[in-house]
Amino acid sequence: MTGQLPERLKAFFGNRWLVFVASMWVQSCAGIGYLFGSISPVIKSTMGYNQRQIAMLGVAKDLGDAIGFIAGSMSEFLPIWAVLFVGVVQNFVGYGLVWLIATGRLPALPLWVLCVAIFVGTNGETYFNTGALVSCVQNFPKSRGPIVGILKGFAGLSGAILTQIYAVFNSSSQASIILMIAVWPSSVIICLMFIVRPVGGHRQVRSSDDLSFLFTYGVCVILAAYLFAILLVQDVVDLNQTTINILTILLIVIILLPVIIPVVLVFFLEPRHPTEESLLLDDHRQEPGKSEQDGNEVIFSEVEDEKTSEVDLLSASERQKRIAHLQAKLFQAAAEGAIRVKRKKGPRRGEDFTLMQALVKADFWLMFLSLVLASGSGLTIIDNLGQMCQSLGYSNTHIFVSMISIFNFLGRVGGGYFSELVIKNYAYPRPISMAVVQVFMAFGLFFYAMGWPGAIYVVTVLIGLGYGAHWAIVPAAVSELFGLKSFGTLYNFLTLASPAGSLIFSGVIASGIYDYEAAKQASLNQQVLEQATKAPLMEEELSCSGIVCYSLSCGILSGFCVIAVVLSLIVVYRTKRVYTQLYGSFYGSIPM
């Protein structure tokens, strides 16, 4: 065993499950944007900003979080460690500058400087996401769904994880949370950036992979439940610092648990025989050939019309010969004028689209507008959650920021799972799941608008679940309706919907109503105090109190979510035929 130790260690650092686990740790630091609800009150109080200015910072954060084209392009020609390092530099410089300004270590700078700093800092997480996802999708080519779901879930939990870690420092300065955002993710990712990389994972397939995924899902659920339990305890009981430290240590232990998988695979199971490795390599090499084959098969649409069903049952080489022979006959017939060649004007739904081809399709714009209205509303609540809690008299806004992060995670996991059940069991369009979660979002916002008891808890839970579910349902729906060939470009375009909606809903509507109510309250208070003191008072920072600060905004956003439901249902109606073709045979085989 001693002689094998160097080989085992080499295999350990080249194991795809270690890369996956390290990517989960990277993602646990990648949801920096979810902490904006915690840092916005700090920036507002130290810089003397009004709510409209804070909303502009929120829009800058959303844009930084959404624009990932550069990170995606860089991953095509740079090693993954370099992509991650660019993100580290952006995160450290961006939020480091915000901390220096907020603490007065730099002179007060214009608002646009802070907007740029927050944009740059938050944009760093797109590099973290890209590095982790690209590496793991390449290492697990046949398990992309579970891989992406778990990694995006950890990104959704990162706000709660970072908030709990921040509680350990017990700093007297409120601005120290900004410093932690600049330092902690950068330090963690520097330690992991040479581990997260493609390692030829197709050669490491094992029959135990299903069990490994089950264990990982179990850890995710335990982690979410543990964080939620901590939040409830902290909301009810005033914990001392020692208890907080112990709870945080247990949290870190749970996050580290998945490393058991690569340790067991490498050090406690027999290594794979070289012959088996080569067979797996051969199987993987055949995979890309399918796309080349598929590309060569369809030269004329008549090939598919004339091809008999028995062709699909032939071996790959015989199938290619038969199709080539059929194509040759069609060429000859076309040349002699015996048939008219039908040239396709463009792809149909369910086939591969480029971005330019998708942009002329009504379904694409219906999904985009539905996202603008629903996810834009959700992001508006996430960005303003700290202010909403303060207006209701809650001093510890971190609890609600962490809660919405946890339910965002559960929404991503649950949204993907249940939407899959809908299409597999009923062959019904996946966007129906999007319409359902938008109904829940509309209800949560209406609940808050009415000022009913426990409104802040209801809106936190339902918006967290609904917003998270969107980003599990939409990527799958896009891949089904518009293909995988340009999936990255299409998905990145749709992610612009959230900041586009937030720019209007938060930057104009929510902040404008908040400032109006705050000015009205300040005017009334000033009149009362002037009558009591018989002297004019100095102007103070505008601050709104009560449910009225955001009730009208939530009512308007609830209406937007209802419109989003209608748009999603139109997509459902228009795509029923596509989903019947994709999943109808599966549905038909299910006993009624």
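# A guided tour of the predicted model

Across the whole structure, a search finds three salt bridges, a salt bridge being a side-chain nitrogen of Lys or Arg within 4 Å of a carboxyl oxygen of Asp or Glu. This is a predicted model, in which local features need pLDDT of at least 70 and side-chain atom pairs count only at pLDDT 80 or more, while totals for chains, interfaces and linings use all residues. Residues are numbered from 1 along each chain as its sequence is written, and side-chain values use heavy atoms, with hydrogens and water left out.

**First stop: a salt bridge.** Select D383 and K61, whose closest N and O atoms are 2.6 Å apart in a salt bridge. D383 belongs to helix α17 and K61 to helix α4 (residues 51–66), so this pair ties together parts that are 322 residues apart in sequence. Helices here are DSSP runs (H or I, at least four residues), numbered from the N terminus.

**Second stop: α6 and α7.** Select residues 80–102 for helix α6 and residues 111–139 for helix α7; they pack at an angle of about 155°, with axes 7 Å apart. Axes are lines fitted to C-alpha atoms over the stretch in contact, and angles run from 0 to 180 degrees between N-to-C directions. The two helices, α6 and α7, are therefore roughly antiparallel, a term for angles over 145 degrees.

Now select helix α2 (residues 16–27) and helix α9 (residues 176–192), which pack at about 165° with their axes 9 Å apart. α2 and α9 are therefore also roughly antiparallel to each other.

**Last stop: a pocket.** Select Y166, S395, N396, T397 and H398, which lie nearest the centre of the second largest pocket among its 40 lining residues. On a 1 Å grid over the protein atoms alone, a pocket is an open set of points where a 1.4 Å probe fits, with protein on both sides within 12 Å along at least five of seven lines; lining residues have an atom within 4 Å of a point. The second largest pocket holds about 960 Å³ of space, a volume being the space filled by probe spheres set on the points. Helix α3 gives the most to this lining, with five residues.

Methods
Angles under 35 degrees count as roughly parallel, over 145 as roughly antiparallel, 65 to 115 as roughly perpendicular and the rest as oblique.
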